[in-house]
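Subject: Handing over the two-chain model

Hi there,

Here is the structure I promised to pass on.

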Number of protein chains: 2
Amino acid sequence: MEFAIGVDLGGTNLRVAAVDDAGRLLEKRVMATDAASRGYPQVLDVLSDAIRLLAQAYRDRGLLRGVGVGVPGILDARTGILRDSPTLPGWRDVPVREALEGRLGTRIILDNDANVAAVGEHWCGAGRGHPDLCILTLGTGIGGAIVFGGQPWRGKSGMAGEIGHLPLRPDEGPPCACGGRGCLQQYASASAVRRMVLEAVMQGRAPSLAPLLEGNPGDIALRTWELATAGDAPACEVFRQVGVALGIALAGLVNVLNLPLYVVGGGVSCAWDLFAPALFAELRRRSFVYAATGDTTRVVRAEMPHDAGLYGAARLAFLNNAG
Amino acid sequence: MEFAIGVDLGGTNLRVAAVDDAGRLLEKRVMATDAASRGYPQVLDVLSDAIRLLAQAYRDRGLLRGVGVGVPGILDARTGILRDSPTLPGWRDVPVREALEGRLGTRIILDNDANVAAVGEHWCGAGRGHPDLCILTLGTGIGGAIVFGGQPWRGKSGMAGEIGHLPLRPDEGPPCACGGRGCLQQYASASAVRRMVLEAVMQGRAPSLAPLLEGNPGDIALRTWELATAGDAPACEVFRQVGVALGIALAGLVNVLNLPLYVVGGGVSCAWDLFAPALFAELRRRSFVYAATGDTTRVVRAEMPHDAGLYGAARLAFLNNAG
């Protein structure tokens with residue numbers, strides 16, 4: 001057996017997993033990131049310790065082939081420096097690769113979290129066997145990746161796939177950390193769920209949601225989903241709005257890209273059953289390409305909403321340390 | 001010398017040209033399409049006569065290598081049937097290729113007008129030497145094409161590149177012929193210029209524009225541009241709005257695709273100097289990918305705003321009748 005360590009450095013959680021070369025998860029460990037209260041050196045200390053412990057736990061069972069890490073934000077792939085990150089406040093020009101390699105004494109494969117998730121879904125999930133597809137990852141923020149011919153399209157500067165920053169309501173929408181207004185991320189991420197819950201509570205429309213407002217965006221989105229699943233109307237309305245926003249954004253993507261497969265993953269995709277009806281209603285109404293292509297354009301739920309990034313990061317470690 | 005006939009079947013004009021194999025325009029003829037008042041068989045009669053006359057005019061000067069035709073709308077590339085066309089009212093399930101081949105007795109190469117324009121700009125215009133680029137064609141409607149590795153990306157069903165139908169103001173925007181609301185085409189095409197002029201006149205904001213409202217959208221856009229160039233404030237405001245819309249749409253495209261080059265062509269691009277300031281202001285403000293990539297993301301005016309489709313259609317005829 002050979003294995004790799006895959007890391008998903010998220011705005012809410014640090015997730016570290018050991019995955020074998022057949023794509024089986026051996027073990028996964030999840031810790032709070034606490035990026036807001038800890039500086040980045042401390043976060044990377046915690047992460048390095050977790051990687052080291054997991055590698056040690058499996059070293060008698062097989063050969064460690066490498067460590068892959070997915071990071072959210074604008075990554076300079078050449079230098080391994082995270083230029084900026086809308087979901088990791090204060091992480092600006094952080095030399096993530098150098099810092100981790102220094103702490104661990106081993107080579108680290110680093111990539112944008114959305115590309116990593118796309119690689120994971122492509123390896124073991126809903127994208128298996130599909131060379132051309134688009135993936136949206138609904139987490140604290142929204143990541144995206146476009147895969148052409150089995151490879152993530154990275155663009156001229158490695159920054160392609162920022163689907164979370166498609167302008168959706170550019171005039172009146174909420175300001176976005178990217179500098180724009182009304183980006184998709186403001187309507188369909190865990191942070192967007194928190195904002196919509198907060199607004200509903202503040203406007204007195206949804207007293208049932210008030211107790212949800214403690215904790216990080218991922219926890220709030222999860223609890224809102226639980227309440228909606230139990231039939232709470234204001235909570236259902238939040239996810240209907242998520243579906244409307246995703247439908248509008250997908251209409252634009254389908255019209256421009258005409259890909260055969262769009263995969264919706266990330267933590268918020270747990271609410272697929274709640275937001276999918278509005279998503280498909282908007283998509284049918286707004287995309288004549290979708291209407292015309294019928295069954296050949298598929299929008300599906302990710303098969304690994306939480307773990308695609310872990311599998312993908314491990315996969316990149318295998319691919320980049322072959323032989 | 002060898003030459004080909006290139007045709008641009010537009011919502012406003014029928015344009016037919018003879019282009020030689022070195023990319024030189026030998027002659028171009030322009031007629032009104034009058035799609036609204038003529039049925040499609042009559043329009044195709046007029047077009048066939050024009051193709052025949054132009055081919056005859058040059059038959060003593062060189063070898064005719066073929067005829068290429070760009071059509072606006074949803075084309076079934078396999079059968080040559082135009083499924084629907086937002087800019088040719090009433091053209092639904094029209095067998096354009098079969099009808100033209102029957103009338104002319106020769107093979108016709110047919111493609112979507114935006115793909116054809118992209119091929120033209122790529123052959124002889126602003127896209128020369130650039131394998132990866134995106135082209136927006138601002139005509140009666142808005143066409144688009146994405147070129148990866150020198151080839152138009154046609155998508156799963158040949159319908160990719162419908163950039164005119166990116167949702168821009170999906171809630172409050174004007175209804176679009178595609179079924180959506182507030183698509184880019186409603187803000188930056190010649191038809192959009194006509195709508196904005198009409199609204200300004202109706203609201204009493206712009207008596208100076210009232211005399212412009214006769215004629216087809218292309219003529220109205222041209223006269224509005226002339227008036228704006230002479231300093232008319234309401235006319236300038238129309239093109240500022242065009243620039244804002246293009247900037248928002250390009251922000252989305254740059255964030256998602258991170259291509260090195262975006263080319264803006266079509267008749268409305270005559271007003272580049274008037275709309276470019278608002279375009280770049282919006283793009284800088286709304287796209288962190290644009291802001292981060294600096295000089296490596298270029299947005300330029302097409303070098304052949306009117307004729308890219310003619311060159312591209314001729315080029316397709318050369319490519320498809322090689323040897």
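Below are my notes on a sheet, a hairpin and the interface.

Some housekeeping first: this is a predicted model, in which local features need pLDDT of at least 70 and side-chain atom pairs count only at pLDDT 80 or more, while totals for chains, interfaces and linings use all residues. Residues are numbered from 1 along each chain as its sequence is written, chains are lettered from A and ligands numbered from 1 in the order in which they are written, and side-chain values use heavy atoms, with hydrogens and water left out.

Let's start with the sheet in chain A. Five strands make an open, mixed sheet in the order β10-β9-β8-β11-β12 (strands are DSSP runs of E, at least two residues, and helices are runs of H or I, at least four, numbered from the N terminus; two strands pair if DSSP finds at least two bridges between them). At its edges are β10 (151-152) and β12 (298-301) of chain A, each pairing on one side only. Strands β8 (residues 133-138) and β11 (residues 261-265) of chain A run parallel, with 4 bridges, and Cys134(A) stands opposite Tyr262(A) in β11(A). Helix α3 (residues 113-124) of chain A packs on this sheet, touching β8, β9, β10 and β11 of chain A (contact means heavy atoms within 4.5 Å).

In chain B, β5 (residues 74-76) and β6 (residues 81-84) run antiparallel, joined by 3 bridges, with Leu75(B) opposite Leu82(B) in β6(B). The two strands form a hairpin with 4 residues between them, and Gly80(B) in the turn has a positive phi of about 75°.

Now for the interface. Here 44 residues of chain A are in contact with 44 residues of chain B. The area buried between the two chains is about 3,600 Å², with 63% from carbon and sulfur atoms (buried area is the accessible area, 1.4 Å probe, that two parts lose on being put together, summed over both). Val256(A), Arg286(A) and Phe288(A) lose the most area on the chain A side, together 19% of what that side buries.

Which side chains of chains A and B meet in a salt bridge? Asp171(B) and Arg169(A) do, at 2.4 Å, N to O (the rule asks for a side-chain nitrogen of Lys or Arg within 4 Å of a carboxyl oxygen of Asp or Glu). Across the interface, the rule finds 2 salt bridges.

Best wishes

Technical notes. Axes are lines fitted to C-alpha atoms, for helices over the stretch in contact, and angles run from 0 to 180 degrees between N-to-C directions.
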